[in-house]
Amino acid sequence: MTEPDTNADDGWTLRAWGQDFHAAACTLTRLPLPAPAADVALLPRVRRAYPMVGAFVGLAAGGVFFAAHDVGLPLAVNAVLAVAALILVGGHMDDRGSRAAAPLMVATMLKISSLYVLGNAATPGGGPHMVVLALVAAGALSHAAALLLEPDAQQSEDDDDDDDRGSNVVIMPPDGTQITEAEMDEGNGRELGAPATAIIFALVVTAAALGLIAGVVAAAGATAGAWLAPRILAREIDAQTLPMPLALQQSAEVWALMALAVLLSV
């Protein structure tokens, strides 16, 4: 495989950010986008755009909730439609086996419940606007938390030495493409560690959307969810069934939304 061009001088141009967002969107969403060039798709820096894509997906789902509210649909229907938009745009219900369906279904129901609380006018500070802001923040925070707390590649390889599962699948785009550990070693950047740019972006977006107190609560919820995901699901799933980055991201998103719902309810 051709070595990706990682020239640091080019990494902060608008063109580079556009390429990264495009490549991240192709990986994380169902949007019918043209495939990115291979030398761009496997750049370590692409991961910095994951929270941007998460915020975009959250904004789209929040827009669905807002539009459904405007036409007078019931609150419960609005929440269901918003989560359906998350699934249709983000593709998070794609799985590689029946064992993945249960945790993803639980995550879906918890999201619906949280959005019902956040979108309820009876909730202090609640309403359609809060759903939009919460989904944007949760989308950004969940991807940043997943990148921050993703298990170390070498440790994962050591843990799987006695398994017969073959190469660990670390990314599962909605189109079913599998990127393996071997391909990661050739350029997809697990060695990058915690992408500071992605985390800073997520925190700035969250603070701008929710304010300081709610932002801290949402960030704490996302971090807790990402930290708990592998511990809760370790006996239920494996990487071939539900990729660990997806498990961390989904858990972080759910916990961020639940934390906000609890905060507004007390």
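**Helix packing in the predicted model**

Of the 266 residues in the protein, 49% are buried (under 20% relative accessible area, with exposed meaning over 50% and partly exposed in between; 1.4 Å probe, protein chains only). The model is predicted, so that local features need pLDDT of at least 70 and side-chain atom pairs count only at pLDDT 80 or more, while totals for chains, interfaces and linings use all residues. Residues are numbered from 1 along each chain as its sequence is written, and side-chain values use heavy atoms, with hydrogens and water left out.

The protein contains 11 helices and 2 strands (DSSP runs numbered from the N terminus, with helices being H or I of at least four residues and strands E of at least two). Along the sequence the pattern is α-α-α-α-α-α-α-β-β-α-α-α-α. Among contacts (heavy atoms within 4.5 Å) between residues at least 6 apart in sequence, 76% join residues at least 24 apart.

Two packed helices are described by the angle between their axes and the distance between the axes. Axes are lines fitted to C-alpha atoms, for helices over the stretch in contact, and angles run from 0 to 180 degrees between N-to-C directions. Helix α3 (residues 50-70) packs against α6 at about 160°, with the axes 7 Å apart. The crossing of α3 and α6 is right-handed (the near helix turned clockwise from the far one by less than a right angle, left-handed being anticlockwise). On the α3 side the contact includes Gly54, Gly58, Gly62 and Gly63, and on the α6 side it includes His129, Gly139 and His143. By class, this contact has 15 nonpolar, 8 polar and no charged residues (nonpolar: Ala, Val, Leu, Ile, Met, Phe, Trp, Tyr, Cys and Pro; charged: Asp, Glu, Lys and Arg; polar: the others, Gly among them).

Helix α6 (residues 128-149) also packs with helix α9 (residues 196-210), at an angle of about 160° and an axis separation of 9 Å. The pair α6 and α9 is therefore roughly antiparallel, and its crossing is left-handed. Residues in the contact include Leu133, Ala137, Leu141 and Leu148 of α6, together with Ile199, Leu203, Thr206 and Leu210 of α9. The class composition of the α6 and α9 contact is 17 nonpolar, 1 polar and no charged residues.

The axes of helix α1 (residues 14-28) and α3 come within 8 Å and cross at roughly 60°, in a right-handed crossing. The contact is formed by Trp17, Phe21, Ala24, Ala25, Thr27 and Leu28 of α1 with Tyr50, Met52, Val53 and Phe56 of α3. These residues divide into 9 nonpolar, 1 polar and no charged.

The count of aromatic pairs is 1 (rings of Phe, Tyr and Trp, the last by its six-membered ring, with centres within 6.5 Å; planes under 30 degrees apart are stacked, over 60 edge-to-face and the rest tilted). The ring centres of Phe21 and Phe56 lie 6.3 Å apart with planes at 90°, so the pair is edge-to-face. Phe21 in α1 and Phe56 in α3 are 35 residues apart. Phe21 is partly exposed at a relative accessible area of 28%, and Phe56 is partly exposed at 38%.

Ala49 is located in the loop between α2 (38-41) and α3. Ala49 is buried, with a relative accessible area of 0%. Neighbours within four places in sequence aside, Ala49 is in contact with Asp20, Phe21 and Ala24. The C-alpha atoms of Ala49 and Gly18 are 9.2 Å apart, at a sequence separation of 31 residues.

Terms used
Angles under 35 degrees count as roughly parallel, over 145 as roughly antiparallel, 65 to 115 as roughly perpendicular and the rest as oblique.
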